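Could you walk me through this structure in plain words?

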Amino acid sequence: MADSVRPKRIGVLSGGGDCPGINAVIRAVTKSAICEYGLEVFGIADGFLGLIENRIHRLAFDDVSNILTRGGTILGSSNKADPAEFCVGTDDAGELIYEDVSDRVIDHARSHNLDAIICIGGDGTMSGAAKLAEKGLKFVGAPKTIDNDLMGSEVTFGFHTAVGIATEALDRIHTTASSHHRVMLVEMMGRNAGWLTLYAGLASGADIILLPEIPFSPQIVADRCVARSKHGRSYTIIAVAEGAKPIGGEVVVDRVVRDSPDPIRLGGVSEVLCEQIADLTGLECRATILGHVQRGGTPCAYDRVLGTQFGHHALGLLVSGQFNRVVVMQGGRLGSVGFDEVADRQRTIGGDDPIVAAARAVGTSFGDK
Ligand code: F6P
């Protein structure tokens, strides 16, 4: 329900892993807050960490000029600082000690007279905001992630830039694969959602696409490589999502970030599979893990536009008193959903996804049959 007290001072923060397009949101929020609504805007450094440590500074119009094309976030970000469960150190046995520092966060927000905060983030950031909202802070969320896995929104900014980067990488791998007659595996980010790999794999004409949502058989993947070489195609391109796993098997974990609310970092499945395919086929194989290059650099035009729309829409919700909601895109139209629909949930690829059907129709294998 709309809250009738009109905000005068607002905060903006970016939490979780960065992505291209965050600065477009910060710029849209700040410029329209100042010019359209006459509000004062405060930038919070490094996501919730800045609220915990009281690193909150006024943002003027000029502070957000000339940032639309810049990657990353001018405010900084943190994917470790959940105020309800904040890691404050280790005990004598080396075990991490957690404290609920929500009250400190609320004191800091109140000391700056922040009426509401726009939080730019993914499901983890929205979950942190939802917990603070229960204690009285007011938020509006703008969804960002290259993973495109935010529940309730068909697209998040950052995704299409990452698709472009990954597609270019796959295109480049294509030419060297063809020169050396190799099986080349290219691993992409995305956690437990395969959107990035599906889009980039399809866009670059990958022969095999391996997704978290469709467990694969290493033998079927190997047979496909051999079949291609028998039919005169001397190389195979495999697009692999970091969360892909074999039928009945597990994901490959790259590292555990102990003090992060979401500690598992995936990575390395392409290297494991590379060895398996080499053993099963006798073909020469190489794996490339694209990593954080997918999150860096200037946003594509689409993400600049989407970030601007999301930022402006988030501010509209805030000004009209519609708090604790996240801006979403549904059926090509801007809208919003409650935090409870988004927090700690992920939107993955459904079994009847039309893009998967189109890829299968043009002969792409998903390693499952
Ligand atoms: O959620 C964005 C993302 O880039 C995932 O695709 C990836 O698994 C993860 O973040 C990597 O996290 P970090 O930057 O902590 O290594």
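Let's begin with a term: a polar contact is a pair of N or O atoms within 3.5 Å. Keep in mind, too, that what you're looking at is a predicted model.

Now go to the ligand. In the side chain of Glu242, an N or O atom comes to 2.5 Å from one of the ligand's oxygen atoms, so this pair falls within the 3.5 Å cut-off. Asp147 also reaches in with its side chain, placing a polar atom 2.6 Å from a ligand oxygen. Gly190 does it with its backbone instead: an N or O atom there is 3.0 Å from an oxygen atom of the ligand. Taken on its own, the ligand has 400 Å² of accessible area, and the protein covers 81% of that. Other residues stand around the ligand as well, including Asn79, Ile146, Met189, Arg191, Arg265, His292 and Arg295.

Next, find the sheet. It's an open one made of four strands, and if you read across it you get S9, S10, S8 and S13, with parallel pairing. On average, neighbouring strands are turned by 15° against each other, if you ignore direction.

Zoom in on S8 (residues 183-188), which runs parallel to S13 and is joined to that strand by five bridges. Here Glu187 sits opposite Ile289 of S13. Finally, look for helix H8 (residues 269-281), which packs on the sheet and touches S8, S9, S10 and S13. The direction of H8 makes about 175° with that of S13.

Terms used:
Residues numbered from 1 in each chain as written. Predicted model: local features only at pLDDT ≥ 70, side-chain atom pairs only at ≥ 80, totals over all residues. Heavy atoms only, no water. Pairing = 2+ DSSP bridges. Helix = DSSP H or I, 4+ residues; strand = E, 2+ residues; numbered from the N terminus. Axes fitted to C-alpha atoms, helices over the stretch in contact; angles between N-to-C directions. Contact = heavy atoms within 4.5 Å. Near = heavy atom within 4 Å. Polar contact = N/O pair within 3.5 Å; in protein donor to acceptor, adjacent residues only side chain to side chain. Areas by Shrake-Rupley, 256 points an atom, 1.4 Å probe, with all protein chains shown as cover.
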